[in-house]
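Q: Please take me through this model, term by term. I want each label set against its cut-off.

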Amino acid sequence: MSGETFMLTGSMGCIGAWTLRNLVQEGVRVIATDLATDPVRPAQVMTDAELARITWAKLDVTDLNAVKQLVAAEGVTHIIHLAGLQVPFCRANPSLGAAVNVVGTVNLFEAARAHWGQVRGFTYASSLAVLGPAKYYPDTPVKDDVPLLPATLYGVYKQANEGTAKIYWQDWQIPSIGLRPYIVYGVARDQGMTSDIAKALLAVAAGRPYHIRFGGPVGLQYADDVAKMFIACARSGYAGAAACNLRNDVVDVGEFVALVKERYPQAQITYNADNLLPFPYDLDDSGLRSILGTIPHKPLGEAIEETVRQFEALIAAGRIDLRQLDA
Ligand SMILES: NC(=O)c1ccc[n+]([C@@H]2O[C@H](COP(=O)([O-])OP(=O)(O)OC[C@H]3O[C@@H](n4cnc5c(N)ncnc54)[C@H](O)[C@@H]3O)[C@@H](O)[C@H]2O)c1
């Protein structure tokens, strides 16, 4: 679309990489920001020519002035805020976790507020971790507006961001949409326990065995679909402060493994059926559906095949570090 300049934070992460890819392939001008400067993950999902079309900028989201200046200087029209520290990092360093995840998000809202008009769309990454253990949510599918009872600092920080979003709408009419992914999988998903779904597919491509450390029913979202959701939300013109559950594929890890083995009979994937993730999995995504109309969703089987094909190509080209399978 003409006249658009997207700015991403957390561009070097998995969802960031896929969001960049989608925008670049559409021909949109994109400013890719992150604290990190080596585009390892973007390079796993884009060609060198595509990477060259991106404007890269080092940006620490805790630096309010730098965030505001960049939004002004680059004429940013849409913000997709993905930067954040994950559960173990927040646990290991709560102050830094709060600085990046909470203050960093306030800073992005401040930049949007300072330049609203020029900026016309704002989407940020919340997380399913804003919800508490599944036992607190007996009514299923679980709606967007249930009580938030996060059980980790990471979840508390994401909850704070959803609260921040509501007040920016209430006090200054800065609209936003927060998305709550559960397990994102695809090429470039390589950190944290829930990356085991993606790593199992890397192992298939590499001809190696792999053990998924959890089992039971989970919600899976393909990284490419999630990227498309962030982009569509930023363009939606939504007036309000929505925080939306994602759904897409709700499957047992055993069913996921069976789907993989149907396609790749040589696959050696096992899983721990006794280790259940604590989150509710039966999520109602009608809030997001009412904003977007149609939710991007590649069928699980197709996404598995696409991911294995991409991993095979990366392995053949020597563009992926297989040591992540040993972690
Ligand atoms: N991947 C999932 O399954 C999942 C699930 C729920 C929510 N989320 C959320 O979605 C967002 C993106 O997820 P991801 O998996 O791509 O994350 P990721 O951890 O791969 O990437 C996050 C990025 O943020 C950057 N970052 C850290 N501190 C920063 C700072 N001070 N300034 C600027 N950048 C900084 C990191 O360098 C990294 O590139 C995160 O906010 C995450 O909490 C992800």
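Q: What covers the buried residues of α6?
A: The cover includes β1 (5-9), α4 (64-73), β4 (78-81), α5 (87-92), β5 (121-125) and α7 (153-172). Contact here means that two C-beta atoms, placed from the backbone, lie within 7 Å. The model is predicted: local features need pLDDT of at least 70, side-chain atom pairs count only at pLDDT 80 or more, and totals for chains, interfaces and linings use all residues. Residues are numbered from 1 along each chain as its sequence is written.

Q: Which residues of α6 are called buried?
A: Among them are Gly 97, Val 100, Asn 101, Val 102, Gly 104 and Thr 105. Others include Asn 107, Leu 108 and Phe 109. Buried means that 20 or more other C-beta atoms lie within 10 Å of the residue's own; 12 or fewer is exposed, in between is partly exposed, and C-beta atoms are placed from the backbone.

Q: What makes α6 a helix, and how does its reach compare with the expected span?
A: Helices are DSSP runs of H or I with at least four residues; strands are runs of E with at least two, and both are numbered from the N terminus. Helix α6 (residues 94-114) has 21 residues. The expected span is 1.5 Å times one less than the number of residues.

Q: Where is the kink in α6 centred?
A: The kink is centred on Gly 104 and amounts to about 30 degrees. The bend is the angle between axes fitted to the seven residues ending at a residue and the seven starting there.

Q: Why is β5 called largely enclosed?
A: Five of the five residues of β5 are buried, so the strand is largely enclosed by the rest of the structure. Both faces are covered. Gly 121, Thr 123 and Ala 125 are buried on one side, Phe 122 and Tyr 124 on the other.

Q: How do you know that β4 and β5 pair?
A: Pairing requires at least two bridges found by DSSP. β4 and β5 have four, in the parallel sense, so they pair. Ile 80 has Thr 123 of β5 as its bridge partner, and His 78 stands opposite Gly 121.

Q: How many bridges join β5 to β6?
A: Three, and these strands run parallel. Ala 125 has Leu 179 in β6 as its bridge partner.

Q: What is the strand order of the open sheet?
A: The seven strands run β3-β2-β1-β4-β5-β6-β10, with parallel pairing. β3 (55-58) and β10 (241-245) are edge strands, because each pairs on one side only. From one strand to the next, the twist averages 15 degrees.

Q: What joins β1 to β2?
A: Four bridges, with the strands parallel. Thr 5 stands opposite Arg 29 in β2. Strand β2 (residues 29-34) is mostly covered, with five of its six residues buried.

Q: Why is Ala 313 called partly exposed?
A: Ala 313 has 14 C-beta neighbours inside 10 Å, so it counts as partly exposed. Ala 313 is found in helix α12 (residues 300-316).

Methods. Axes fitted to C-alpha atoms, helices over the stretch in contact; angles between N-to-C directions.
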